[in-house]
Amino acid sequence: MIIKPKIRGFVCITSHPEGCAAHVQEQIDYVKSKGPIDGAKNVLIIGASQGYGLASRITAAFGSQASTIGVFFEREPANGRTATSGYYNTIAFTEKARAEGLYAANFNGDAFSDEIKEAVIHKVKEDLGKIDLIIYSLGSPRRIHPETGAVHKSVIKPIGQTFTGKTVDTDKDIISDITIEAATDEEIADTVAVMGGDDWERWIKALDHAGLIDEGATSVAYDYIGPEVTWPIYTNGTIGSAKKDLRAAAKRIDALLKNHHGSAFISVNKALVTQSSSAIPVVPLYISILYKVMKEKGLHEGCIEQIDRLFRTQLFSGTALVFDDEGRARIDNLEMKSEVQSAVAEIWPEITTENLYEKSDMAGYKKEFLRLFGFGLSGVNYDADVDEAIMLKE
Ligand code: NAD
């Protein structure tokens with residue numbers, strides 16, 4: 001089938017298997033170009049098929065020759081519909097890892113469920129023995145609670161008061177004001193249930209209970225802070241509440257891993273175009289201005305550059321880890337530089353529909369968005385017939 005992008009709002013409902021493979025290859029090439037990392041050997045990545053989780057898996061495998069187990073939730077190809085890009089990314093990753101003699105196992109299912117945890121535990125026991133790095137990188141809109149069966153849906157809303165601010169419709173290139181009502185207490189609790197730390201802690205406890213945590217094991221989850229313009233909708237909103245909960249879980253998980261002379265921490269990452277971030281109002285406009293500023297200053301990084309840096313300078317640097325006063329690794333340090341933030345703040349009030357492409361890197365944002373689905377990669381012939389029905393092998 002000849003596959004072209006079909007964008008609906010902030011998602012693209014098609015994805016290109018060869019383009020996704022090229023995207024994965026680019027990330028592998030980047031990590032390899034930086035040389036080996038003396039890092040973890042048996043790595044579990046929860047949320048392994050896209051964005052920061054995929055970059056983490058690639059860095060562990062191709063930087064440290066690690067055996068990796070990836071957990072993700074992606075749609076297979078069926079009835080002439082393409083798979084989701086994370087599915088094709090995982091096929092490509094797995095083929096490329098195995099071609100280099102690296103172990104890679106995959107679990108496509110609901111990470112929040114007890115069933116997936118049990119299946120992963122069984123696999124670790126069978127194939128790896130113990131795990132020495134657990135990356136928690138889920139971006140999910142809902143969670144079925146494993147004990148109550150309740151369905152929690154996360155919402156992106158302010159807390160305490162209605163928010164009105166600038167946002168961009170990335171489909172129509174229109175800047176407008178968006179007004180979002182404050183979340184109810186139930187919506188806050190639901191968002192915390194989905195994106196907070198409970199599931200991360202359940203994973204670590206389950207692995208510990210099964211005796212699968214290695215001596216000195218580390219676990220990391222990802223967080224975002226960003227500039228004040230996004231705070232009402234992010235840091236001080238429902239998702240920020242979930243992240244507070246994630247930070248509290250990090251402290252408990254750290255205490256648990258200390259029993260194995262290990263540790264857990266939060267890494268605060270840069271705002272980047274991913275399928276999760278493109279769904280958040282205000283954030284895509286901020287990202288497109290940020291990209292312009294950071295590219296002009298030669299400071300721009302994507303997921304793979306961020307995670308490669310996290311592994312080399314924080315996780316496995318051989319020197320003391322550098323944390324902020326709340327104990328978080330700050331690989332968002334370049335985004336948060338005052339020269340970057342003041343340049344963004346200068347552009348923010350001036351940006352309009354008319355000057356969108358001049359004042360921001362909306363063109364770069366869109367290119368990056370399409371690349372998430374395997375479109376716009378060099379060396380891929382998008383007019384050629386490709387097999388969309390490829391399946392992930394055991
Ligand atoms: P993403 O949308 O690119 O990837 C999400 C991953 O979660 C995918 O692998 C998906 O398959 C998996 N997933 C979703 N629901 C699942 C489920 N029920 N079971 C199993 N797997 C499931 O997301 P991302 O932007 O890379 O975000 C990952 C983490 O990084 C999040 O915690 C996010 O808050 C954080 N973060 C993101 C940004 C950003 O700008 N994108 C910045 C800083 C921190």
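Me: Which residues is R309 in contact with, once its neighbours within four places in sequence are left aside?

Reply: Contact here means heavy atoms within 4.5 Å, and in this predicted model R309 is in contact with E301, Q314, I331, N333 and L334 when those neighbours are left aside. R309 itself lies in helix α9, which covers residues 303-315.

Me: Where does the backbone oxygen of I331 lie relative to the side chain of R309?

Reply: A polar contact is a pair of N or O atoms within 3.5 Å, and the backbone oxygen of I331 lies 3.0 Å from a polar atom of the R309 side chain.

Me: How should I read the packing of two helices, and at what angle do α6 and α7 pack?

Reply: Begin with the angle between the axes and the distance that separates them, then turn to the residues that meet. Helix α6 (residues 198-209) and helix α7 (residues 238-258) pack at an angle of about 15°, and their axes are 9 Å apart. Because angles under 35 degrees count as roughly parallel, α6 is roughly parallel to α7, and their crossing is right-handed.

Me: Which residues of α6 and α7 meet?

Reply: From α6 come D198, W200, E201, I204, K205 and D208, which meet D245, L246, A249, A250, R252, I253, L256 and L257 of α7. By class, the residues of this contact between α6 and α7 divide into eight nonpolar, no polar and six charged.

Me: At roughly what angle do the axes of α8 and α10 cross?

Reply: The axes of helix α8 (residues 283-296) and helix α10 (residues 338-347) come within 9 Å and cross at roughly 125°, which makes α8 oblique to α10. Helix α8 passes α10 in a right-handed crossing. On the α8 side Y286, I289, L290, V293 and M294 take part, and they meet V340, Q341, A343, V344 and I347 in α10; the contact has nine nonpolar residues, one polar and no charged ones.

Me: What lies 3.3 Å and 3.0 Å from a nitrogen atom of the ligand?

Reply: A polar backbone atom of G109 is 3.3 Å from a ligand nitrogen atom, while an N or O atom in the side chain of D110 is 3.0 Å from a nitrogen atom of the ligand.

Methods: Residues are numbered from 1 along each chain as its sequence is written. This is a predicted model: local features need pLDDT of at least 70, side-chain atom pairs count only at pLDDT 80 or more; totals for chains, interfaces and linings use all residues. Side-chain values use heavy atoms; hydrogens and water are left out. Axes are lines fitted to C-alpha atoms, for helices over the stretch in contact, and angles run from 0 to 180 degrees between N-to-C directions. Helices (H or I, at least four residues) and strands (E, at least two) are DSSP runs, numbered from the N terminus. Angles under 35 degrees count as roughly parallel, over 145 as roughly antiparallel, 65 to 115 as roughly perpendicular and the rest as oblique. A crossing is left-handed if the near helix is turned anticlockwise from the far one by less than a right angle, and right-handed if clockwise. Ala, Val, Leu, Ile, Met, Phe, Trp, Tyr, Cys and Pro count as nonpolar, Asp, Glu, Lys and Arg as charged, and the others, Gly among them, as polar. A polar contact is a pair of N or O atoms within 3.5 Å; within protein, one must be able to donate a hydrogen and the other to accept it, and residues adjacent in sequence count only if both atoms are side-chain atoms.
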